[in-house]
Each structure stands twice: as C-alpha cells, then as structure tokens.
Amino acid sequence: MRASARCVALVPARRSHTFAVMPDNLHPPGLLPPRFAQWFKDRGWQPHAHQLALLETRGDTLLIAPTGGGKTLAGFLPSLVDLAQGHTGLHTLYVSPLKALSKDIARNLSQPVDEIGLEIRIEDRTGDTSATMRKRQRVDPPQILLTTPESLALLLSYPEAPKIFGTLKRVILDEIHALAESKRGDQLMLGLSRLRALAPDLSVAGLSATVEAPEALAAFMGGARVIEADPGPAPDIAMLPTASPPPWAGGGGRYAARDVMAAIERARLSLIFLNTRAQAELFFQALWEVNDKALPIGLHHGSLAREARHRVEEAMVAGTLRAVVCTGSLDLGLDWGDVDLVLQVGAPKNVKRLVQRIGRANHRYDQPSKARIVAANRFEVVECAAALAAVREGDLDGGGRRWAGPLDVLCQHILLTACAAPFAADALYAEVARAGPYADLPRADFDACLSFCATGGYALRAYDRWQRLLERDGLWQLRDPRTARDLRMNIGTITDTEKLKVRRKARRGGTPLGEVEEGFAASLTQGDTFLIGGQVVRYEGLREMVVEVSDARGREPRIAVFSGLKMATSLELSQRVQRLISTPADWDQLPPATRDWMALQDRISTLPRPDTLTCETFARGDRWYFCLYGFAGRNAHQTLGLLLTHRMEQAGLGPLGFVATDYALLIWSLDPVEDAAALLSPEGLRDGLRDWLGGNAVMKRAFRAIATIAGLIQRNLPGQRKSGRQATFSSDILYDTLRRYDPDHLLLRITRHEAQRGLVDFDRIEEMLAQGHEIVHIRAPHVTPLAAPLLLEHGQVGIRGGQGEARLMEQEAEAMMREAGLE
Amino acid sequence: MTPIQFAGALFHAQPSGALYWPAQDMLIVADLHLGKSGRIARRGGALLPPFESLDTLHRLEAEVARLAPARLISLGDAFDDDTAARELPPEVAERLAALAGRLELIWIAGNHDPQGLGQSCEALPIGPVTLRHIAEAEGPDISGHYHPKARLARRARPAFAVGQTHLILPAFGTYTGGLDCDGPELRALIGLGRAVLTGTPMLTRPLGYSAARQSR
C-alpha cells in the first residue's frame with residue numbers, strides 16, 4: 001500500500017459539486033493519531049487524501065477508488081484508530097465476496113497492526129473455518145471479523161446474534177460493486193438491516209472499484225456519502241501484436257501462446273486473464289508447450305482444489321512465479337506481489353471488468369498500469385478494438401443494478417430470522433424496508449413472502465397442521481425448532497450447477513485435483529481424457545460422487561472441460577461493436593486480417609448494417625442453421641430464440657436448439673427457414689410471448705434457482721446423494737405442477753418477474769422489429785465468417801419435447817437396437 | 001402402446017407408465033407415492049406444492065377410463081408412508097373410493113407403506129409371474145420400487161426395464177424421481193434386456209449390451 005502525494009476530489013452526494021481538492025500536505029494535522037502518522041512516516045509514505053477523508057467523515061460512506069488506491073486500508077483506518085483506544089467485543093465486521101480475500105486482508109492488516117503496536121484480535125470466518133473456531137467465535141468474537149455474505153447470514157441466524165453484534169461499531173463492505181450485481185448483495189443488504197437493528201450506532205463503509213453511477217450504489221447501501229479518489233494516470237493499454245492472425249472461430253487464444261510467452265519473458269510478473277476455467281486450463285497447457293526457458297508459471301481458478309490454489313497464492317506472495325494464468329478468481333482485489341503486466345486473452349466482455357483487470361498491473365497508484373489484450377478469434381478483434389476505444393474515452397458500461405430486491409432472497413431471510421428468534425411481522429417489515437434494495441417493498445409482497453414461509457402459500461390450504469412458521473402471541477416462530485438446521489444448510493443465493501470432486505484414483509484417497517460440473521461428469525465414459533489443473537487425465541469412473549481419474553500424460557485431451565458460466569457483454573460494448581462493423585471508415589484501427597475477414601463476410605453474405613435486420617441460412621452437417629444479427633444483447637436474443645423456435649416447431653421445421661450471444665442468435669433445426677419475414681412478424685411473436693412462458697427450459701432453470709433460494713427445495717449437499725437417487729425428483733416437476741394447479745403462486749410470480757427483467761427483455765425485441773428495418777435474409781453457401789464463432793459458443797439451449805428431439809431419439813434408438821442385434 | 005413379451009405372456013406398456021395385461025384384463029401401476037408432499041411437511045421439511053396426489057389420481061383415472069380394466073393392481077409404495085395412507089385428504093380418499101367402486105382394486109405392500117390401507121398383500125402370483133414390490137432373484141416377476149428411467153440422445157425418461165426374469169415398472173406418481181437403467185443396480189437386475197421409454201412417442205432401446213454403448 002504505497003502512497004504518493006496526489007490530489008483527490010472529495011465530493012458530496014451530488015457529483016457536480018466537486019469541492020475540497022487539495023494536496024495531501026495541506027490536510028489539517030491531527031486527523032491521524034500520532035502513532036499512526038509516525039507509522040506512515042516511518043515507511044516513507046503519506047496517507048492518500050481519500051484515506052483521510054474516510055477517517056474524518058461521520059456516518060455511512062461509499063469510497064470509489066481504482067485498484068491499488070489503498071482502498072482497504074482506507075476502509076480499516078477508522079477502525080484501527082478507534083480500536084487503539086480499546087474496545088471489548090466485536091468492533092468491525094468486514095464482508096467481501098471472496099473467501100480468499102478475507103485471508104488476504106487478514107495478512108495485509110496484520111502488518112500495520114503489528115508495526116503500530118496495536119493489540120487487536122483479527123479473525124476470519126468463512127466456509128473453511130473449523131467448527132471449533134466457529135463455535136468459539138460465537139461465544140467470544142474477535143474485534144475485527146472478516147467474512148462473506150453467506151457466513152454473515154449464518155451468524156445472524158443464531159440465537160446469540162444480538163450478543164455477538166451488540167457491540168459492533170463499523171461494517172466494511174468490500175468490492176460492493178461486485179456484490180451489488182447479484183442476489184448475494186441483496187442478501188447482504190438484508191443482513192445489514194438486521195445489524196443496524198442490533199447495533200443502532202453502526203456506521204458502514206462501502207468500498208468500490210470505479211463505477212459509472214456511484215449514487216445508485218450508495219442508494220443500494222441504503223444511502224451513503226460518496227467519496228471519489230483520484231483515478232490515477234491513464235493506463236498503457238493496447239492489443240498485443242501476434243505473429244499470426246487469430247483464427248476464425250473458437251476461444252482460448254492458443255494461437256498466441258508464443259507471443260504471450262515472449263511478453264511474459266520481458267515482464268517481471270504477469271497476470272494472464274481468461275474468461276472461463278476451461279480456457280484457462282487449455283491456455284496454461286499451450287503456454288507450457290512453448291515455455292522453452294521453463295519459467296515458473298502457475299494456474300489459478302475456482303475449480304481447482306483448495307490445496308492447489310493455495311500453492312499458487314503462496315508462490316505469488318513469495319515472488320517465485322513469473323506468470324499466473326487465471327480467471328475471475330483473481331478479479332477481485334487480491335493483492336499478491338508486484339504485477340507489472342496484465343494480459344487479457346479473449347474479449348473482455350465488459351469495459352468495467354477490463355479496467356479492473358488492468359488495475360491489477362502495477363499496484364502503484366501513481367504509475368500507469370500496463371495491459372495487453374489478445375483477441376481469441378477474428379470477431380473478438382472487433383470487440384477488443386471497441387473495448388480499447390471505450391477505455392480510452394473513459395466510457396464505462398452503465399450496467400449495475402436498478403432492480404428491486406428479489407422476493408426469493410427475502411423468503412430466505414424471513415426463515416433465517418425465525419431461526420434466530422421469534423419476530424413480529426410489523427417490526428421485520430420495517431427493518432427490511434430499511435435495506436436499500438427493499439426500500440419500496442409493498443407490504444403485500446412482504447406478507448406474501450411470510451405466508452409462503454409459514455404455510456407454503458398455496459391456493460389449496462393443505463399445511464395448516466404442519467406450518468413451518470407459527471404465530472404465537474403476535475410473534476412468528478419455527479413450529480419445529482429442529483428445522484433450523486436444514487434452513488441453515490440451505491443458506492446462500494449462489495445456485496451453481498452441481499459440482500463433483502475429481503481425484504486421482506488410488507487405493508486410499510487419491511490427490512484431489514479439482515471439480516467439474518455434474519453434467520460434464522455424466523457425459524464421460526471410461527477412457528475419455530480431459531484437462532484439469534493443467535494435466536491431461538483419463539476418466540476411470542464415478543465412485544461415491546467422486547470422479548476418479550488416472551494420469552494420461554502426453555495424450556491430447558479429447559474433451560474440453562466444464563460448460564462454465566458465460567459472461568455477458570455489456571449492451572454499451574455490443575453497440576460499440578455494431579457501430580464499428582457498420583463503419584468501414586473506422587476499420588483502420590483493426591488489424592489487416594480482421595479487415596479481410598469482414599470483407600469476406602461481405603462477399604459470402606453481407607455486413608449487418610444498423611438499418612437492416614440481417615439473417616442468414618446455411619447448412620452444416622445434417623443440420624440447418626439460421627443466424628440473426630440483432631445486436632440487442634444476450635437476453636433479448638435468448639427470448640427471441642425461445643419464441644422463434646416455438647414458431648419453427650409449429651411450422652414443422654424441427655428446431656433442435658439455439659444459442660444467443662450479445663450480437664446474434666443462432667438456431668439449428670432439421671429443416672431450413674425459408675421465409676424469415678414471416679418468422680419475424682411482430683404479431684406472431686407477441687402471440688408466442690403469451691404462451692411461451694410455458695414449459696421452456698430457461699424458465700425452469702430460473703424457477704429452480706428461485707425455489708432453492710426461497711427454501712422450497714433443499715440444496716444438494718455433498719454426501720447426501722450417495723444412494724437412493726430415485727427418491728429425489730426434478731424441480732421441473734414442481735414447476736409443472738404449480739403451473740397446472742396454482743398458477744398465481746408466489747414462486748411463479750417471482751419467476752415471471754425475473755424473466756422479464758433478466759431473461760426476456762421483450763421491449764428490446766419490439767424495438768428491434770418495430771423500427772421497420774428491412775429484413776435481409778441471405779442463403780449462404782456454408783458457414784459464414786460472422787456466424788462461425790457462434791457454433792462454438794457455450795450456453796446452448798436445447799428444445800425439449802419437440803418433434804426434432806423425438807426424431808433424434810428415434811434415430812438413436814434404432815441405431816442402438818441394430819448395434820445390439822435386436823430387431 | 002408398446003407390446004412387451006415377458007415370461008410367455010403379452011403386456012401392453014402404456015405411454016403413461018402403466019402396464020396393461022390383456023389376458024387378465026388387468027391394469028398394473030407402481031409407486032404412486034400418494035401423500036408425499038404431506039409426509040415431507042409433517043417431518044418439518046419443505047412445504048411442496050400439495051397437488052401431487054390429485055394429479056397422480058387424475059392421470060390414473062384417465063387410464064382406467066381409457067382402458068376400462070376389470071382389475072387395477074398397485075405394486076406397492078402407493079402411499080408415501082402408512083400415516084399418509086391413514087390421513088388421506090378427503091378429496092383423495094373420495095376419488096380412491098370411487099375408483100374402487102368401478103373395478104377390483106388390489107394393493108401390494110411396499111417398503112414405504114407396509115400397512116397401506118390395511119388390505120395389502122405381500123405378493124400375488126398370477127399365471128406365469130408373481131407381482132410384488134421389489135424384484136426377487138428367481139423371478140419371473142413384475143415389480144416397481146426402483147423407478148427406472150432410461151436415456152436416449154441425452155434425454156432421460158421414466159421407462160419399463162424388461163429383462164429375462166424381471167419386468168420393472170416406472171414410477172407412476174407425480175413426485176417421483178428415477179434411477180438410471182444404465183446404473184449398476186438395474187444393470188445387475190436386468191442383465192441383457194431392453195428399456196421401453198414412456199411418453200410420446202414410446203421408444204425402445206437395449207439394456208446391458210456392451211455393443212450398444214451407454215447412451216449419453
């Protein structure tokens with residue numbers, strides 16, 4: 001945390017009134033107690049102005065500072081100053097989205113604490129904390145507790161919560177911009193309301209990376225004074241020149257391994273970001289193949305075993321690595337060593353994220369960060385060029401969140417509140433409405449959630465005898481206190497797909513290598529080889545829900561790993577890309593290969609221009625493809641995919657699936673689309689929208705997550721499903737049953753609501769179709785340059801229960817019967 | 001409907017998961033699990049949508065109306081537990097009684113409902129086969145319990161698992177999951193055989209043949 005004498009803008013809630021811009025040396029003396037001032041002086045540092053600003057500001061604050069701006073120390077400084085005067089019990093609660101961040105902070109914080117000579121007990125509490133430690137923390141909490149939103153929710157569900165948090169003075173919410181974009185943030189804000197009720201003179205400090213709309217983030221916190229730090233010098237950022245042009249399609253950027261290796265050799269310590277874990281694995285392998293000097297290079301991503309991640313983290317701190325290939329697991333403020341080069345392989349998808357990643361390079365606030373971007377395919381070159389322009393112009397994606405607090409998270413909060421102690425409905429409603437995201441929550445919605453928690457909230461009142469919550473003497477409580485255990489096991493809003501551990505096969509517990517998604521594991525047969533932890537392994541079998549593998553050194557991995565989460569490109573960036581494609585005059589910022597490729601697209605098909613709605617039909621293998629370039633964002637394309645496949649099904653074209661990106665929609669079917677204009681008629685699509693909410697897979701996926709968060713279905717826990725799998729049934733059945741018998745049920749309402757916000761985005765489709773754009777439908781001779789990358793996209797949605805699926809199943813059944821020598 | 005030859009007799013597998021035996025004019029269903037949501041709630045678990053018993057009965061009534069069998073046999077686990085059988089919601093009890101008035105209703109005990117409605121038998125030999133809840137080594141028998149399902153082109157559906165000595169019915173109840181026919185338990189029971197998938201169209205695929213790779 002080096003500091004320099006830079007200026008900051010200290011701003012009140014309205015950004016236009018910038019005042020108090022002053023050099024650090026003009027700050028009034030005495031803000032920092034002498035011991036602290038001496039400590040800064042001894043290290044040859046000066047505190048940043050925003051660090052002092054946080055110290056002198058009373059009440060809740062939101063600090064916006066770039067990476068490397070000493071944000072964390074700024075957040076903790078008021079606590080340390082306060083604690084220097086003594087305090088009994090828990091004083092400061094620090095919440096961050098990553099477990100690893102808590103560990104990192106504990107380490108970084110111990111340095112000033114020791115050097116200043118403060119006696120402060122600092123402990124972390126996450127899913128990794130031992131049971132003994134957790135128990136002790138509940139009886140005798142430390143003065144500073146570092147934790148995650150989920151662990152906080154768990155702590156708040158214990159009857160001891162008032163005792164633990166009664167002495168609390170400060171809460172620090174780190175990386176709050178990241179939390180605000182998911183339901184984890186909503187849960188955290190509900191927890192914060194609880195904390196404010198337990199400790200009324202609490203003050204809250206939010207710490208955020210640079211965002212477009214700080215006021216919205218402050219409102220999310222329930223109101224806070226915004227303090228913006230100097231953004232520092234502009235980054236040195238450009239495309240990495242590569243010896244050969246990127247391929248037409250695909251991700252991962254293996255073609256650039258040698259160029260990246262050369263850049264690593266020139267730098268001291270490089271971070272190489274890839275967008276997915278699978279790509280990180282593959283790129284790591286590709287790097288090692290060209291690592292002629294055998295430089296120490298590590299791999300770090302969230303699917304690796306904890307031991308493996310720790311080894312890399314420690315090596316980074318010790319300075320023994322030259323490069324680390326990583327994913328979003330290193331996105332958030334982890335502070336390891338002196339990174340001087342950031343390489344982003346693959347399109348950054350989001351300008352804000354790119355800026356934060358760039359900030360990882362050179363943790364010195366007063367020097368420009370150096371970053372290079374490698375596009376994985378020719379389409380991404382366009383996206384990278386657009387993103388670079390956006391960074392240069394300081395044009396961050398608006399993004400962020402503007403939606404009201406989701407009700408499934410509220411249901412979980414109500415149940416967990418009941419675990420801690422009986423509550424009065426009026427009091428809890430008032431408390432919930434103090435949380436930023438729930439400030440406008442109608443009482444009727446709160447009551448619906450409470451009714452769901454108590455009786456299930458069904459039209460058929462079946463559970464009056466077996467209510468989960470009962471009202472006695474005006475207080476709601478658990479009917480059976482033993483259910484608290486199940487409810488606590490279900491805490492959290494992350495509903496990732498089921499993961500299975502991967503281990504090396506050995507007589508007694510082989511080395512853990514990491515984890516893969518259950519769906520991926522189910523697709524493996526013995527002998528299949530895949531990559532994990534940078535090694536090629538051979539699938540041996542599944543034993544007690546653990547994937548057992550053996551080494552398969554020197555072999556090519558046959559199957560790519562993990563379907564993985566897909567990052568959405570921001571709408572702003574999509575639109576920049578569209579403008580760039582449709583403005584040949586701007587193509588000079590693109591490398592020649594990309595210009596050629598776009599010219600080729602123009603020759604084979606056409607360039608999607610803003611005043612047209614361009615689609616293509618082509619055949620590949622035994623499938624027909626229909627590609628539509630809408631540039632309307634992934635959600636709108638996804639909805640359009642659902643609607644169009646529905647209509648294609650009616651037209652007997654046998655649609656099999658589709659994939660939506662931010663730029664385009666690709667549908668594959670058994671027969672080709674002949675009349676695009678008829679398919680895209682707004683009237684027909686509107687009719688479809690009325691009933692498409694029916695049994696489509698996207699809705700069921702959303703319902704599953706919502707039902708899990710709201711506590712209707714139990715999260716699958718490891719070890720719970722070793723046997724007797726016939727006893728568990730799919731949440732799709734619950735969804736279908738509810739739709740048939742209780743279509744107005746709360747959870748269906750939440751599902752529809754979320755679909756409109758997140759998945760449907762029908763307004764944008766209307767906009768796209770209603771502008772009277774000319775529909776250009778090209779019958780291309782084969783896959784077109786622009787469509788090629790879509791064929792390799794993840795996140796394909798299969799059409800279930802259609803004629804296409806039935807025809808395929810029939811064909812496979814016949815083939816299997818023939819193979820087996822049966823009729 | 002898909003005809004199945006088993007133990008020298010002819011059966012008609014229905015897309016619904018019910019099995020019709022023409023020679024006996026008998027409809028066979030397995031694992032209705034009536035009262036499942038109630039049992040989970042009673043134990044302090046989640047309050048699942050309480051509509052599954054009505055839904056299951058609704059589908060069963062439709063099969064009875066369509067095929068008009070003289071007898072209906074439930075192969076056990078008709079109730080999610082014995083308490084569920086004793087405390088049937090009034091509407092479910094009425095509809096079961098109405099069904100019993102139209103045909104001969106025979107209950108076989110399952111592991112979930114050993115007592116059931118108090119009229120259950122352990123096993124019922126008819127002609128060449130025995131009807132029971134859980135398949136036994138010697139066979140030939142027709143049973144339920146395992147909730148078999150089978151995969152084709154990456155899609156799983158409840159299925160009839162048909163081997164030389166065992167015919168295992170899919171679960172008929174609405175809130176029931178399934179056990180993969182390609183898994184070790186059902187492979188061991190069925191040996192070489194075939195799976196008849198429920199739903200429309202009904203499809204048949206082999207089971208246990210090494211030549212036919214596991215469908216993924």
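Author: Gladly! The domain assignment divides chain A into domain 1 (8-228), domain 2 (236-392), domain 3 (418-489), domain 4 (499-551) and domain 5 (605-717 + 729-808); such bounds come from an automatic or database domain assignment. This is a predicted model, where local features need pLDDT of at least 70 and side-chain atom pairs count only at pLDDT 80 or more, while totals for chains, interfaces and linings use all residues. Residues are numbered from 1 along each chain as its sequence is written, with chains lettered from A and ligands numbered from 1 in the order in which they are written.

Reader: How far apart do the C-alpha centres of domain 2 and domain 3 of chain A lie?

Author: They lie 47 Å apart.

Reader: What makes residues of chain B count as in contact with chain A?

Author: Two residues are in contact if their C-beta atoms, placed from the backbone, lie within 7 Å. By that rule, 37 residues of chain B are in contact with 42 residues of chain A. Strand 15 of chain B gives the largest share of the chain B side, four residues; strands (E, at least two residues) and helices (H or I, at least four) are DSSP runs, numbered from the N terminus.

Reader: What does A:Cys449 touch?

Author: Leaving out residues up to four places away in sequence, A:Cys449 touches A:Leu407, A:Leu410, A:Cys411, A:Ile414 and A:Leu746.

Reader: How do you know where the Calcineurin-like phosphoesterase domain is?

Author: An unreviewed UniProt entry places that feature at residues 27-117 of chain B; such annotations may be inferred rather than shown by experiment. The span is 45% helix and 12% strand, and its end C-alpha atoms lie 19 Å apart.
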